[in-house]
Amino acid sequence: MPLRNTPDRYGAVAQALHWATAALIVAMVVVGWVMEDLPLAEKMPGSWGYDLYQLHKSFGFVVLALAVLRLAWRVVSPAPPVPARHGRALVWAAHASHIALYALIFAMPLSGWLFVSADPLSHTLIPTRFFDLFTVPNLLDADADARDRLRGLHGLLSNLLIAVVALHAAAALAHHVFFRDNVLIRMLPFARLRPER
């Protein structure tokens, strides 16, 4: 399989970035639901909840880095076109959903970084540690009101991302099952393209 995208399918780099991002987002959403109900004592250093939070935040930075790489790679190696036979409305919807996905993949980790930056505990007891290698700087001064607003924004973006990812997956399956084209197959490693009808 070529590294770069071709007019028929995504290359190895795009596929690796796509599936790594997808796996991390699914894992982080599940972990986020678990973290939501943890009491404050379970967020303190030395507890399993603290370690979970630090992993969640660390992988959030990985997702942000992957988003930057994906966008840069898309500029260097453009995506295969949506089959024109589906009409302008479907092509427009595909582009709009990809723009929404990219925007949310950037917005989620950034809103999380801002949320923990505003948390007074991030300035004292619970700094953000990237895989326990170094402390990530806070972007904001400690402000409990800003923290609460940003936490709400992070939760809203999470719900939007879940909805857009579900729509994206449903559209890919619809292409495979109903349209019987190669839209899904071209993102699957080692899958054979179907003959175009």
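This briefing covers a helix pair and a group of aromatic rings. The model is predicted. Helices α3 and α4 cross at roughly 150°. The structure also holds 5 aromatic pairs, and two of them are described below.

**Helix packing**

- Helix α3 spans residues 88–118, and helix α4 spans residues 144–179.
- Their axes come within 8 Å.
- Angles over 145 degrees count as roughly antiparallel, and α3 and α4 are therefore roughly antiparallel to each other.
- The crossing of α3 and α4 is left-handed.
- The residues of this contact comprise 20 nonpolar, 8 polar and 2 charged.

**Aromatic pair Phe59 and Phe131**

- The structure's 5 aromatic pairs include Phe59 with Phe131, an edge-to-face pair.
- The ring centres of Phe59 and Phe131 are 5.0 Å apart, with 85° between the planes.
- Phe59 sits in helix α2 (residues 48–76), while Phe131 sits in the loop between β1 (129–130) and β2 (134–135), so the pair ties together parts that are 72 residues apart in sequence.
- Phe59 has 31% relative accessibility and counts as partly exposed.
- Phe131 also counts as partly exposed, at 32%.

**Aromatic pair Phe61 and Trp113**

- The rings of Phe61 and Trp113 have centres 5.0 Å apart and planes at 80°, so this pair is edge-to-face.
- Phe61 belongs to helix α2 and Trp113 to helix α3, so the pair links parts 52 residues apart in sequence.
- Phe61 is buried, at 16% relative accessible area.
- Trp113 is buried too, at 18% relative accessibility.

**Aromatic cluster**

- One aromatic cluster is formed by Phe59, Phe61, Trp113, Phe130, Phe131 and Phe134.

Key. Residues are numbered from 1 along each chain as its sequence is written. This is a predicted model: local features need pLDDT of at least 70, side-chain atom pairs count only at pLDDT 80 or more; totals for chains, interfaces and linings use all residues. Side-chain values use heavy atoms; hydrogens and water are left out. Axes are lines fitted to C-alpha atoms, for helices over the stretch in contact, and angles run from 0 to 180 degrees between N-to-C directions. Helices (H or I, at least four residues) and strands (E, at least two) are DSSP runs, numbered from the N terminus. Angles under 35 degrees count as roughly parallel, over 145 as roughly antiparallel, 65 to 115 as roughly perpendicular and the rest as oblique. A crossing is left-handed if the near helix is turned anticlockwise from the far one by less than a right angle, and right-handed if clockwise. Ala, Val, Leu, Ile, Met, Phe, Trp, Tyr, Cys and Pro count as nonpolar, Asp, Glu, Lys and Arg as charged, and the others, Gly among them, as polar. Rings of Phe, Tyr and Trp (its six-membered ring) pair if their centres lie within 6.5 Å; planes under 30 degrees apart count as stacked, over 60 as edge-to-face and the rest as tilted. Buried means under 20% relative accessible area, exposed over 50%, partly exposed in between (1.4 Å probe, protein chains only).
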